[in-house]
Amino acid sequence: MEFEGKKLVVIGGASGMGLKVAEDVIGEGGSAVIVGRPGQKLDDAVATLSRSGSAWSIAADLADRNQVVEAHKQLSEDHPDATLLVNSAGFFKPKPFLDYEVADYDAYHDLNRATFFLTQTIVRGMVTGGQGGAIVNVGSMWAHQALAVTPSSAYSMAKAGLHALTHNLAIELASEGIRVNAVAPAVTRTPLFEKVFPADQLDGAMEQLGGLHPLGRVGTPQDVAAAIVFLLSSASSWTTGAIFNVDGGVMAGRN
Ligand SMILES: NC(=O)c1ccc[n+]([C@@H]2O[C@H](COP(=O)([O-])OP(=O)(O)OC[C@H]3O[C@@H](n4cnc5c(N)ncnc54)[C@H](OP(=O)(O)O)[C@@H]3O)[C@@H](O)[C@H]2O)c1
């Protein structure tokens, strides 16, 4: 099995594409550590994963610097053997540029700060372990192009930073056998959009946004997870520093 004996950490893995990757890695013989906001959602996700294999939770609100310090401690003490990492924490709150307040901006960039230093902690374990590793950052189509219907200046700026981190780490860590790639999804129907649109408008919004994509629909968590799993796997052993568009064709052109 592809991930036999390998441990994955998913930052922001209690739902959506990150959780799907954890399921797939466990299904291929690996184990998973889910870092997520404290609460029932995290507990339920790890309980479900545990039915198929080994799974652990680390509860941390990544916007809370004290909780992030605790997460560092748990990752370095309990999981220095992780050789796979997916950085999936994120949220999406479209807002016109002129309406932004500092707190809106900080919320995106606090997540990048946590992602940056938690990645550092995990990479230290990978380097010490000497077995190499694979990291996939979940970037975004919005870092490449803006959509008028979803104004996202601070989100896009943060995701563009994650794409740049991908390039930098790919170069710095290549000699350690650690590959670093990113996916840049377009509109994907995950719990993220349940906080963007009211429940009674979600189906209609997804239908409408689906129409922008040349393949005629929005993505699913499976669509993006499949690409992430590929980038974690030995099948992509000569790929590093790639920003992989998983976007129904939208970066090639729009309907
Ligand atoms: N869905 C899309 O169309 C799309 C497109 C491009 C990029 N992305 C990116 O894909 C990644 C995964 O998102 P998804 O679509 O799979 O949605 P999702 O199910 O909402 O996953 C994002 C996860 O990040 C967690 N998270 C957010 N803020 C956090 C915090 N302060 N502390 C701890 N955990 C936090 C969320 O937990 P809570 O729910 O508890 O906050 C959630 O479990 C995100 O980085 C997103 O920006 C998504």
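In what order do the strands of the open sheet stand? Seven strands form this sheet, and their order is 3-2-1-4-5-6-7, with parallel pairing.

## About the model

Welcome! This is a predicted model, in which local features need pLDDT of at least 70 and side-chain atom pairs count only at pLDDT 80 or more, while totals for chains, interfaces and linings use all residues. Residues are numbered from 1 along each chain as its sequence is written, and side-chain values use heavy atoms, with hydrogens and water left out.

## The sheet

Helices (H or I, at least four residues) and strands (E, at least two) are DSSP runs, numbered from the N terminus. Two strands pair if DSSP finds at least two bridges between them. Strand 3 (55-59) and strand 7 (243-246) are at the edges with a single partner strand each, so one side of each has no neighbour in the sheet. From one strand to the next, the twist averages 20°.

Look next at strand 1 (residues 7-11) and strand 4 (residues 84-87): they run parallel and are joined by four bridges. Here Val9 stands opposite Leu85 in strand 4.

## Helices on the sheet

Helix 2 (residues 40-50) lies across strand 2 (31-36) and strand 3, at about 170° to strand 3. Such angles run from 0 to 180 degrees between N-to-C directions, with axes fitted as lines to C-alpha atoms, for helices over the stretch in contact.

Helix 5 (residues 153-173) also packs on the sheet, where it touches strand 5 (133-138), strand 6 (178-185) and strand 7. Contact means heavy atoms within 4.5 Å. The direction of helix 5 makes about 160° with that of strand 6.

## Around the ligand

There are 30 residues around the ligand, and Ser15, Arg37, Lys41, Thr190 and Lys195 come nearest; a residue counts if one of its heavy atoms lies within 4 Å. A side-chain N or O atom of Ser15 is 2.7 Å from an oxygen atom of the ligand. For Met17, a polar backbone atom is 2.9 Å from a ligand oxygen.

## A salt bridge

Side chains of opposite charge can pair when their charged atoms come close. The structure holds seven salt bridges, each a side-chain nitrogen of Lys or Arg within 4 Å of a carboxyl oxygen of Asp or Glu. One of them joins the side chains of Asp81 and Lys7 (3.0 Å, N to O). Asp81 sits in the loop between helix 3 (65-78) and strand 4, and Lys7 in strand 1, 74 residues apart.

Key:
A polar contact is a pair of N or O atoms within 3.5 Å; within protein, one must be able to donate a hydrogen and the other to accept it, and residues adjacent in sequence count only if both atoms are side-chain atoms.
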